[in-house]
Amino acid sequence: MAVAQLRFGPVALLVVLSALAVTPLYNYPVAGAIEPAAKQISTNTPQCSGSQKLAVFGDGDCSPKPITVPVTASSSTNPPPRPLYVVAPTRPGNYPVFLFAHGTFISNNLYSGLLSHISSHGYIVVAPQVYTLSLPCELEEIEYLEQVTNWMPSATALPSHLPPGVLPDFDKLAVGGHSRGGKSAFALALGLCTKPLKLTISAVVGVDPVAGVSKNSRTDPVILTYEPESLNLSVPVAVIGSGLGNQSEVIDLPACAPNWVNHAEFYSECMAPKSHLVADDYGHMDVVDDVSWFERDFKLMCKGASGLFSSREKMRKGVGGIVVAFLDAYLGGGGSDDYLAILESPLEVDSPVKLTVGYKLEKGTAAAGDI
């Protein structure tokens, strides 16, 4: 079955997620005194810019182009180990690379709105389809991400599929993902794969990451320890959460981002420099595209914003803007101003969504859940 045709009915989804348990709401802290996002932030001049009050929340002017890269070989290209959905600027230049892992049973191209927004600000986004109908062990999923990462640098690999004059800067590589894919991105950055990476990861982004169905049922490899600041990634981390992700749309049905395995715990266990932003009024699946069958099937499981077809775009723009501001701050682009503005004054910036900021902690301080 082609990736674009990947579909699941509500009954199948209930079977897949039936082991989830409803848990009490987790009250993560709101901002107190927020430290600067990092000491080593970039001040490079951006190649592309947006148009709104805070540029990162508007569309950039890099004219992103979606590119499908199949695993079939041709006479002139080196095929990737997994099918890829790539979004790249069309304006010639040298751009940082953002490797993005999809969530459980979600097609990589269902993130087209989010990924296009990020790419429009001057990033080459690479989204592998690590599986389709058959859900692999997450260890296997991480191996697929490692294979794609090690495939990319060859001149006949990713560079050969990009628009003319568009070059990947592999010295500026960030990894991220949504839901289970967010957890896999953390595992990749921690080096939990069988072969060493040929590239160095410079930043990590978790978009509502999920590490299992409950605290007592986490997927392998288990990375959450419930010890403050136990995830030593040695790179800047941004954790973006959904305020409604730990709630179910229907009583007694499971949540999609359960407490103790969701964004709050990931943030608590990361070491500085780290930051935590939560879209209060949005749900776990509100970052995906507006697809009728997808909204129908997941609404039973994942509580989301009301009026999804108007508000989901705001969530994509909000999350996309946060990702761009974070990557600009650490990989080069627009510098640190936008990200610091979001962290320090989330209600004053021109964000499409209402944001709550979690504490940004330095090494050796208490975990978020202990404050």
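## Ser184 and its contacts

Apart from neighbours within four places in sequence, Ser184 is in contact (heavy atoms within 4.5 Å) with Glu138, Glu141, Ile142 and Leu145. Ser184 is found in helix 4; helices here are DSSP runs of H or I with at least four residues, strands are DSSP runs of E with at least two, and both are numbered from the N terminus. Ser184 counts as buried because its relative accessibility is 0%. Buried denotes under 20% relative accessible area, exposed over 50%, and partly exposed the range in between, with a 1.4 Å probe and protein chains only.

The model is predicted: local features need pLDDT of at least 70, side-chain atom pairs count only at pLDDT 80 or more, and totals for chains, interfaces and linings use all residues. Residues are numbered from 1 along each chain as its sequence is written, and side-chain values use heavy atoms, with hydrogens and water left out.

## Helix 4 and its surroundings

Nine of the ten residues of helix 4 are buried, so this helix is largely enclosed by the rest of the structure. The buried residues are Arg180, Gly181, Gly182, Lys183, Ser184, Ala185, Phe186, Ala187 and Leu188. They pack against strand 3 (93-101), helix 3, strand 5 (166-178), strand 6 (201-207), strand 9 (237-242) and helix 5 (263-269). Just after helix 4, Gly191 adopts a positive phi of about 80°.

## Crossing of helices 3 and 4

Two packed helices are described by the angle between their axes and the distance between the axes. For helix 3 (residues 138-151) and helix 4 (residues 180-189), the axes come within 10 Å and cross at roughly 65°. Axes are lines fitted to C-alpha atoms, for helices over the stretch in contact, and angles run from 0 to 180 degrees between N-to-C directions. The crossing is right-handed, a term for the near helix being turned clockwise from the far one by less than a right angle.

On the helix 3 side, the residues involved are Glu138, Glu141, Ile142, Leu145, Glu146 and Thr149; they meet Arg180, Gly181, Lys183, Ser184, Ala187 and Leu188 of helix 4. By class, this contact has four nonpolar, three polar and five charged residues. Ala, Val, Leu, Ile, Met, Phe, Trp, Tyr, Cys and Pro count as nonpolar, Asp, Glu, Lys and Arg as charged, and the others, Gly among them, as polar.

Strand 3 and strand 5 run parallel and are joined by nine bridges; Tyr95 has Pro168 in strand 5 as its bridge partner.

## Strand 10 and its partners

Strand 10 is mostly covered, with six of its six residues buried. Lys274, His276 and Val278 point one way, whereas Ser275, Leu277 and Ala279 point the other way. Strand 9 pairs with strand 10 in the parallel sense over six bridges, and Ser242 has Ala279 as its bridge partner in strand 10. Strand 10 and strand 11 pair in the antiparallel sense over three bridges; the partner of Leu277 in strand 11 is Val357.

Methods:
Pairing = 2+ DSSP bridges.
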